[in-house]
Structures are given as structure tokens and as C-alpha cells.
Amino acid sequence: MTPAYLHSLSAVARMVRHAFFPPTCALCGMVVEEGRVLCPACVRRLEPARLGQAEDNSLVRSLLDRVPVVRAMSMLRYRPDTPVAELLLNIKYYNRPQLALTLGRWMAQELMETGIFEGVDAIVPMPLTPSRLRERGYNQSERLAQGISEVTGIPVRTDVLERVTFGISQTLLAGEERRHNVADAFRVSPSYEREVVEDGGLQHPLLLDDVITTGSSMSALWRALQPVQPSLRLSVISLALAGRHAPPYVDDESIELETSNCTTRTRVTYVPD
């Protein structure tokens with residue numbers, strides 16, 4: 001079969017798929033235009049975090065108590081039982097890796113001007129334990145990172161850190177309990193330790209999580225990295241931001257988001273890893 005024939009066949013397949021399975025909003029289930037994951041009404045319901053510039057904001061100031069961050073940024077404001085919580089549920093529990101990938105692209109496009117990606121040599125997503133990865137089938141933070149990488153060209157590194165324990169849900173714990181729950185949850189992989197010895201390793205990684213609440217997980221990642229690279233420059237990014245880091249206001253500015261794969265609607269409270 002010629003390339004032209006294959007292209008025509010693919011176009012016909014897309015038309016048939018669209019006729020029987022039209023794209024729908026990831027939040028409300030309404031049919032949307034081809035290439036979109038959210039309907040206009042749901043886009044308007046999202047609450048941006050609106051932290052400002054990446055070098056000086058409330059998240060940076062909060063994390064600096066425990067993590068020597070250069071920059072920090074988040075895209076959306078997380079509150080329970082909101083559209084942002086539903087998006088997080090979809091990418092984490094409802095087998096929506098393509099949605100996570102698209103959200104990562106959106107993060108990159110919208111946050112580029114904040115300076116969060118300046119000087120970064122790799123994106124390091126929050127790791128999952130092997131058992132949790134098998135259970136879920138993918139790491140939602142890794143898919144977010146891949147989406148960012150497609151836009152920025154910054155490589156994704158999943159071989160730097162490993163998750164070795166998994167405590168109870170962070171949402172069930174207070175601030176101090178959260179810190180103890182993840183205190184020894186991560187370690188530097190042996191292969192990356194060798195890389196540091198032989199080549200110096202990364203100089204300025206961007207640590208990525210789907211949602212930041214108290215910053216305890218980011219602090220634990222830093223404590224794992226510090227013995228290996230004590231002078232490492234770090235930046236931090238997340239799709240959503242909860243708790244005291246976020247500004248106490250709602251900004252109703254709408255943001256366009258595009259892709260072609262969306263199906264489910266959820267009404268359950270999101271539970272961070």
C-alpha cells in the first residue's frame with residue numbers, strides 16, 4: 001500500500017470514529033469540537049493558581065524553608081470537589097494518560113513566560129512505587145512531564161529517583177504527619193549515583209508533581225538528592241496547588257486547552273499520592 005493510500009485510509013478511520021464516538025468534554029461529557037478536551041463552560045470553571053513569576057511567589061517562599069528552590073510554579077488552584085479536582089482524578093484513577101499528556105503541553109505553553117523553564121536541563125517527575133505503577137498502568141506525573149517536554153524540548157528523566165515506600169494517603173494527615181509519612185520514601189537510583197560520579201549528573205532539574213499541598217514530597221525528594229549532590233540547583237512545578245501556598249482569590253480568566261481524547265466524568269474527591 002502506498003503512503004497516499006494509507007493516509008486516506010487513516011482519514012476515513014478518523015471520520016468513522018468521530019461519527020460514532022465524538023470527542024467529549026473530560027469534565028461534563030458534552031460533545032466538543034474536534035481537538036478539544038474541555039467545553040467552554042468547563043474551561044471558565046477552572047481556577048488558575050496565578051502565582052506570578054517563578055522566581056518570587058508564595059510557593060517559592062514556602063518551599064525555601066526546606067528546599068533550596070531556584071524557581072517554583074503551579075498552573076491551577078486545587079480545591080476539593082471542583083473541576084480541577086476532577087481533572088486530577090481523571091489522569092490519576094480513570095486511565096487517562098493522553099489527557100495528562102495534553103495537560104502537560106498546556107502547562108508548558110501557559111507557564112513559559114513565567115521563567116520556570118529557564119536553565120533547566122531535565123524534568124524529573126514524582127516517581128511511583130513499582131507496585132503502584134503496575135496497578136495504575138502509568139505514572140500521571142511522568143505523562144505531564146512528557147507533555148511539557150514536547151513543547152519545551154527539555155528531556156524527561158525517570159532514572160534519577162526511585163520511590164521505595166508508600167505511606168497512607170497524604171490527605172489524611174496534618175502537616176507534620178505528612179512530612180514523616182514521606183521522610184524516607186525516595187532514594188537516588190544507583191545508575192544516577194554513578195552518573196554523578198562519572199559526569200557530574202544534572203545541574204538544574206525541574207521536579208514535577210501533579211499537585212503540591214504542603215510540599216512534603218518535594219522536600220523528601222530533595223533530602224534524597226542532597227547527599228549525592230549537595231549544591232544542586234532545583235526548580236519545582238505542578239499542575240495544581242493546594243493549601244496555604246495559593247493566592248486567596250479566584251481568577252476567572254479562561255484558558256484554551258486542546259487535544260482529541262476525552263471521555264469520562266467524575267464526581268469524587270481527588271486524593272494526592
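Mentor: Axes here are lines fitted to C-alpha atoms, for helices over the stretch in contact, and angles run from 0 to 180 degrees between N-to-C directions. This is a predicted model, in which local features need pLDDT of at least 70 and side-chain atom pairs count only at pLDDT 80 or more, while totals for chains, interfaces and linings use all residues. Residues are numbered from 1 along each chain as its sequence is written, and side-chain values use heavy atoms, with hydrogens and water left out.

Trainee: Why are α4 and α5 called oblique to each other?

Mentor: Helices (H or I, at least four residues) and strands (E, at least two) are DSSP runs numbered from the N terminus, and the axes of α4 and α5 come within 7 Å and cross at roughly 125°. Angles under 35 degrees count as roughly parallel, over 145 as roughly antiparallel, 65 to 115 as roughly perpendicular and the rest as oblique, and α4 and α5 are therefore oblique.

Trainee: What makes α5 oblique to α7?

Mentor: Helix α7 covers residues 140-152, and α5 packs with α7 at an angle of about 45°, their axes 7 Å apart; that angle makes the pair oblique.

Trainee: Why do β1 and β2 stand at the edges of the sheet?

Mentor: Two strands pair if DSSP finds at least two bridges between them, and the open sheet of four strands has the order β1-β6-β5-β2, with parallel pairing. β1 (69-77) and β2 (122-125) each have a single partner strand, so one side of each is left without a neighbour in the sheet. Seven bridges join β1 to the parallel strand β6 (residues 234-241), and L76 has A240 of β6 as its bridge partner.

Trainee: How do you know how many disulfides the structure holds?

Mentor: A disulfide is a pair of cysteine sulfur atoms within 2.5 Å, whereas the sulfur of C28 is 3.6 Å from the closest cysteine sulfur, in C39, and therefore too far for a bond. C42 is likewise in no disulfide, with the sulfur of C39 nearest at 3.6 Å, and the structure holds zero disulfides.
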